[in-house]
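Here are my comments on the model you sent.

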4 protein chains.
Amino acid sequence: MRAFHLTGGGIDGLELRDVPTPEPGAGQVALRVEATSLNYRDLMIARRLGGDRIPLSDGAGVVTAVGDRVSEVSVGDRVAATFFVDWVDGTPFAAVHDKARGGTVDGMLAEVVVADAHSVVPVPAGWSSAQAATLPCAALTAWNALMEGRRLLPGQTVLLLGTGGVSVFGLQLAKAAGARVIITSSSDEKLERMRALGADVTVNYTAEPDWERAVLDATGGVGADIVLEVGGAGTLPKSIAATRFGGEIALIGILTGAAGETNPFPLVTRCQTMRGVYVGSRRMFADMNAALEANAIEPLIDRVFPFDQAPDAYRHLTSQQHIGKVVIDHT
Amino acid sequence: MRAFHLTGGGIDGLELRDVPTPEPGAGQVALRVEATSLNYRDLMIARRLGGDRIPLSDGAGVVTAVGDRVSEVSVGDRVAATFFVDWVDGTPFAAVHDKARGGTVDGMLAEVVVADAHSVVPVPAGWSSAQAATLPCAALTAWNALMEGRRLLPGQTVLLLGTGGVSVFGLQLAKAAGARVIITSSSDEKLERMRALGADVTVNYTAEPDWERAVLDATGGVGADIVLEVGGAGTLPKSIAATRFGGEIALIGILTGAAGETNPFPLVTRCQTMRGVYVGSRRMFADMNAALEANAIEPLIDRVFPFDQAPDAYRHLTSQQHIGKVVIDHT
Amino acid sequence: MRAFHLTGGGIDGLELRDVPTPEPGAGQVALRVEATSLNYRDLMIARRLGGDRIPLSDGAGVVTAVGDRVSEVSVGDRVAATFFVDWVDGTPFAAVHDKARGGTVDGMLAEVVVADAHSVVPVPAGWSSAQAATLPCAALTAWNALMEGRRLLPGQTVLLLGTGGVSVFGLQLAKAAGARVIITSSSDEKLERMRALGADVTVNYTAEPDWERAVLDATGGVGADIVLEVGGAGTLPKSIAATRFGGEIALIGILTGAAGETNPFPLVTRCQTMRGVYVGSRRMFADMNAALEANAIEPLIDRVFPFDQAPDAYRHLTSQQHIGKVVIDHT
Amino acid sequence: MRAFHLTGGGIDGLELRDVPTPEPGAGQVALRVEATSLNYRDLMIARRLGGDRIPLSDGAGVVTAVGDRVSEVSVGDRVAATFFVDWVDGTPFAAVHDKARGGTVDGMLAEVVVADAHSVVPVPAGWSSAQAATLPCAALTAWNALMEGRRLLPGQTVLLLGTGGVSVFGLQLAKAAGARVIITSSSDEKLERMRALGADVTVNYTAEPDWERAVLDATGGVGADIVLEVGGAGTLPKSIAATRFGGEIALIGILTGAAGETNPFPLVTRCQTMRGVYVGSRRMFADMNAALEANAIEPLIDRVFPFDQAPDAYRHLTSQQHIGKVVIDHT
C-alpha cells in the first residue's frame, strides 16, 4: 500500500512511498482509509517534525479486517479514527500524548491503517468518509469545549473567535444545542457566511478592536457563558472580559500557544474557569456523532484534493483563504 | 381588590371576595396579576384543602410597587412568580415546602399579589402575561428534569409519557436542546399534534401496550437517556426498562404519587438514577427563560377563561380533553 | 494448574480440576493468583449457575507474564483484577455485564488467571494479596456509592445498613473522608465493633424498629446525606425517610434485589436521588486504592481458608456469623 | 456603640467613633460582635480605600435582635457573618461584589452590626466567637478551592503554597478529607509547624527553588490533583508544572493579583483547569462548618488583640511574622 511520510523537509519533504500493508493483531482492525482532513496542527508538525512519520490525525474509512477479540466493530463498518489512540472515556491521563495520531504515532495519510479497535468510532449515519474525516480533531475539540466542562445550556451564549475549523463546528454545535452564538472575524464576507450558518451576532474585530465591548453589549452587559479561545496573541484578556461572572474560557490550541503571556488573575474576582481543552475521548466522539445525526448538521468543506496531491492540500491550508475543512480523498 | 379563595368545598367552594389590597414591605414587590394558569396540582388542592387559601401557583403580571431594599426588579417590570417562594438557587432544602404558592401559602388567583423580590423572575422577552403564566410549575419541572440532573446533551433521546403540560414543555425544550424525542399517548390525534411540535417518534400505548419495546426499537436497543416519568400507575417498570444503561428517570409529580409500589432494583444492574424532580429554583427559571427566548418557543395554550369564570377553568381541566395549558385572564 | 469449577450442584458441586495453564495474548497478562475473597453474590451464583464456570470476582496476585502491547503493568507487579473486565473509566455501558468475573466469564478461584491488561490494577502499597483480594467487589461498591454520585463531603453524614462487607468498607472510607457515620445492626456486639472502627452513631434496629427516627434524631432532624441501601426487604421506605432533602440513596445489590416493591414517590417531594450502584470501573478502583493507602486503612478479614478448602469458605459465609471478609489463600 | 472607620490614611487613619446603634429592619438581625479577624485584603483596603468605611470582612458574635420575617436565626444564636452579603447559594453573580463586607459595604470592626438574615451562619458547635471569626474569608476560600470545583477525593494530593491563612486552613481541611498534603515555605520552622498539623510532605522553596520537581518526586511523577495558588509573582508556571494531567489550579487572591503575566497555555496539553476562587457562598460556609465540627478542627490563632488596639492588630499582620490568624477581641 502507499502512504505519505514526513521526512523533515516540511511540506516539500512529504514522500509517497510503497510500504507493506499492515495486518491487524488481536484487538485491532484494518481500515481502508477513504478520506483525511487537515488541521493547523498538521502544518506545524510538518514544519517541526523530523524522522519518518505518516502524518494527519483525521481520517475515516471502511473496516476491511478485524483481529482476534474484537467485538466493537465489524468488517464493512464505516469508521473514523480517534485523535488519541488510548483515550476511550473518562479522565484524561498523561500517556494519551504517547499515542496522538500523526504526531507521536503514525497518522492517517495512507491507504491502509491498522488501529486498535478501541480507537475507532462509527461515523454519523449518512455521512460520507470525506465528511467524517473532518471530525476527529476540530469538531471534537469544539464539542469538548462546549459540552464537557461547564456544559452549555439552551439559551446560553457562546463566543467564537475567528472562523477556523473549531469555530465553525462550534457554531454548528452550539446552534444545535439551542444556544446563542457571537462570532468574530476580520472579514465581513466570512461573517456573512457565519450568519448563514446561524450566528446570532457577528463582530468584525478590525472594525471594532474593542470587540469585548460588542460582546457585552450583545449580552445585556453580562458576557458570554463559554468562550472558545482559539485566538492567538493578545485575545485572552479580551476573552476574559467578554465572559460572564462564573463563566468558562475554553483554552484551545496551537495558535494560541504562541500567544505569549497574560495576567490570569481577573479570573479570580469574576469566579471564572479557564479550561485546557485538548481534543477529546472516543466516548465524546460517539456522543458528538449522535448530535450531528439528530440535528442534520453537515460539515463545511472548503476543498477536496486527490490523495496524490496531498502536499497541495497542505499548501492550500497555509494560504488561510479557506473557510471550512480541507479534505484529501483517498479513493 | 378581588381574589378567589378555596373554602373547602372543592371547585364549587371557590369564592370571589373583596379583600384589602396588600402593600409590599421591605424586600417585597406588589404585582398586578394579569394571568394565571392551572395544573393538576390545583385540582388536587381544591379537593383536599380546607381553610381559606388563595389558590394557584402559576401567575404573571406587572410590578406596581416595590418596598425598601429591592434592587432586583423595578416598577413596570413584567414578572412571573416562582412556585417556591424561597428556593432562589442551589441545593433544595426542606423549608421550601413551607412556602409553596397556592398550597402552603396564598397563590396567584387574585388581582394583586405581594411577593418577596427574590421570588419573581422577569418573563421571557416578548411574552405576554398569559403566556408567561404557563411557566412556573409545568415548564420549570420539565426544565429541571432535562437540564439539572444528568443534563441532556444534543443527540440524546428523551422519553415523554403522555401529553400533559410537563410533557409538552419537555418536548419543546428537548427539541430546542438538539435532542431526539419519543412521546406516548393513547390518542393518535394528540400524537399527531406532538409530531407537529417536533416529536421524532410517537407511540400509541393503547395500540402498543409494551411501549417500552417501541422505545428500545427506536433507539437501536439502547433506550432513552432521560425519561420524564409523569405516568401514573404502572408505568415505572416500563420506564426503567426503556431507559439506557446509566440513564436517568426523572420522577415527577402528583399523578404518579398514586402509582403504588414498584421494584426499584432493576436500577442497580443498569447503573441508572431515579431523581425526584419538584419544580425548581428561581435561577433555573431564569435559565429556562433564556432558552425559551433564544429558541422562539411559544407555549401551547388550550383555552383562556376570564377571571370571573375561574371555576370553569378548573372544570375544563378536570375534563382532560385539553392539550396545552388552561389560562385565566385577570385583565 | 488447578482451578475450582462450579458444576451446577451448588457449593457441593465445586470441583478442583487440573487444567492447562493459560498464556497471555496481545494486550493480556498472566497472574499467579495469591488470594481470593467471597461475596454474597458468589453464594447466589453457586446456587443458580449451572455449566462450568471458575467462580469468584475478587482476587489478587502477581503478574508472571505479559503479552504483546502491554504497557500498563510489568512482570512482578502485584495487582488485583477488576470485577468488570471492560469498564475501564467513564460512563458505564450495557456490555460490561458480558464480562463480569465469576459470573458471565471465568473468575479468580484458580492458580493462574489470564486477564486483559486493562482489567487489573496495582494493589495499595504495602497491602498483601490477601488484603487486596477483599477489594474488587465490596470495597469498590462502597467507594462508588460514596464518591461517584452526589459525592460525600467532609462533615456530611452517611447511613450504613448492617455490617456486611460493603457497609464495613463504607464505614472506613467515609471516616477517612471526614464524614460522620451512622450504622445499624441487630447485634450489639457487631455495633461495638463498628464503634471501634470509628462509627459515630450506632442503632440496634431490633431494639429500635423505627430506626429512621434514630437517624433523624442524630442529625438534628435533617437526615443522612447518603445512604448505602443494602438492606433487603422492607428497608427502603425507612431509608428514604432517613435521608435528607436533596440527599442520595445508593441502591446496592443482591440482597436488596429480593426486597420486593416499594413506593418511590416520596423521592419527589424530597428532591432525592436513588442511584443504582453496581461495583465500579478500574479508574474508581485506582482512586480508591490511593485513598486506602493515604489513610492507612486495613481491611477487616474474618477468616482465611487455604485454597484446597475453598468450599468451606463458601459454607462459612453462608453461616452469616462473620464480620469482615472471608478470604482464600492460594499460596 | 463604637466602631472603627477607615478614613483614608491607611492603618494610622483608623478612627474609633461613637455612632448610633443600628436597628434591624425586616429580614435583618442585629449582632453584638464578639470577635473579628484580619486578612491581607484588609491591609490592602486600608491602604487604598478612602471615604468612611467600617473595615473587616470577618467577624462573629451573638444575635441580639431580629426584624420581621426572620426565620433562619433567633436571638441568642452565635453566628458568623458571610463575606458576601448576597451570595446565599448556587451560581455566583456579578452583583455579589456590590456587597462585600469591609470593602464595598461596611464590615465587622464595630460593637454592633446589622446584617441581612441570609448573610449570617451559625458558628461550628463548641467554637468561641474568636475562633469563628477566623472563618469567613480565609477558611471558606480554602473550602471552596478544595470542595467546590474539581472536588477533592480521599487519597488525592493537594499542593499548598506558603503558610498563610488560606494554606493553613487548606491543610487542615484537606487532611480531614483524607487527602495527602504537600506544602511549601521559605522557613523550616514554619514547615515544622505544618508537619505537626499533618502535612505529609514539606518543601523549603529557598533550599529547592525548583520546588515543582519536589512535588513531582513526591507524587510518583504525576503531580498534585489540586493546587491552592496563593503564591504571588512567579509561582504560576511552577504550579501548573506541579499539577497532574487533568488537575486543577485554584487561583486565589490578592497576593497573586500582583503576580504579573504568565503563559496559561500549558493548561491545554495537560487538560488542566484554572479556576478563580473568590471566597464562597453561605451554603458553602455551612457545609464547611459541618466539616470543622465533625473533624474537631481548631483554627490556628497567632495572637489576639483587644478591640481598642485594632490598629496594632493591623500592624502585626504587616510584619508577616505570624503563623495563623490575627484576631481582635470585641468583648
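This is a predicted model: local features need pLDDT of at least 70, side-chain atom pairs count only at pLDDT 80 or more; totals for chains, interfaces and linings use all residues.

The numbered points below take the helix pairs and then the cavities.

1. Helices α1 and α11 in chain A. Helix α1(A) covers residues 40-48, and helix α11(A) covers residues 310-318. The two pack at an angle of about 110°. Their axes lie 10 Å apart. Angles of 65 to 115 degrees count as roughly perpendicular, so α1(A) is roughly perpendicular to α11(A). The crossing of this pair, α1(A) with α11(A), is left-handed.

2. Residues in that contact. From α1(A) come Y40(A), D42(A), L43(A), A46(A) and R47(A). They meet Y314(A), L317(A) and T318(A) of α11(A). By class, the contact of α1(A) with α11(A) holds 5 nonpolar, 1 polar and 2 charged residues.

3. Helices α3 and α10 in chain D. Helix α3(D) spans residues 135-147, and helix α10(D) spans residues 282-294. They pack at about 85°, with axes 10 Å apart. The pair α3(D) and α10(D) is therefore roughly perpendicular. On the α3(D) side, the contact uses L135(D), P136(D), A139(D), L140(D), W143(D) and N144(D). On the α10(D) side, it uses M284(D), F285(D), D287(D), M288(D), N289(D), A291(D) and L292(D). The classes here, for α3(D) with α10(D), are 10 nonpolar, 2 polar and 1 charged.

4. Helices α3 and α10 in chain C. Here α3(C) is residues 135-147 and α10(C) is residues 282-294. Their axes come within 10 Å and cross at roughly 85°. These helices, α3(C) and α10(C), are therefore roughly perpendicular to each other. Residues of α3(C) in the contact include L135(C), P136(C) and W143(C). Among their partners in α10(C) are M284(C), F285(C) and M288(C). The contact of α3(C) with α10(C) divides into 10 nonpolar, 2 polar and 1 charged residues.

5. Cavities. How many cavities of 30 Å³ or more are there? The count comes to 4. The largest cavity holds about 40 Å³ of space.

6. Lining of the largest cavity. Which residues line the largest cavity? They are G165(C), V168(C), F169(C), Q172(C), L300(C), G324(C) and K325(C). Helix α4(C), residues 165-176, gives the most to this lining, with 4 residues. By class, the lining of the largest cavity has 3 nonpolar, 3 polar and 1 charged residues.

Conventions. Residues are numbered from 1 along each chain as its sequence is written. Chains are lettered from A and ligands numbered from 1 in the order in which they are written. Side-chain values use heavy atoms; hydrogens and water are left out. Axes are lines fitted to C-alpha atoms, for helices over the stretch in contact, and angles run from 0 to 180 degrees between N-to-C directions. Angles under 35 degrees count as roughly parallel, over 145 as roughly antiparallel, 65 to 115 as roughly perpendicular and the rest as oblique. A crossing is left-handed if the near helix is turned anticlockwise from the far one by less than a right angle, and right-handed if clockwise. Contact means heavy atoms within 4.5 Å. Ala, Val, Leu, Ile, Met, Phe, Trp, Tyr, Cys and Pro count as nonpolar, Asp, Glu, Lys and Arg as charged, and the others, Gly among them, as polar. On a 1 Å grid over the protein atoms alone, a cavity is a set of points where a 1.4 Å probe fits but cannot get out, and a pocket is an open set with protein on both sides within 12 Å along at least five of seven lines; lining residues have an atom within 4 Å of a point. Grid points are joined across faces, edges and corners, and a volume is the space filled by probe spheres set on the points.
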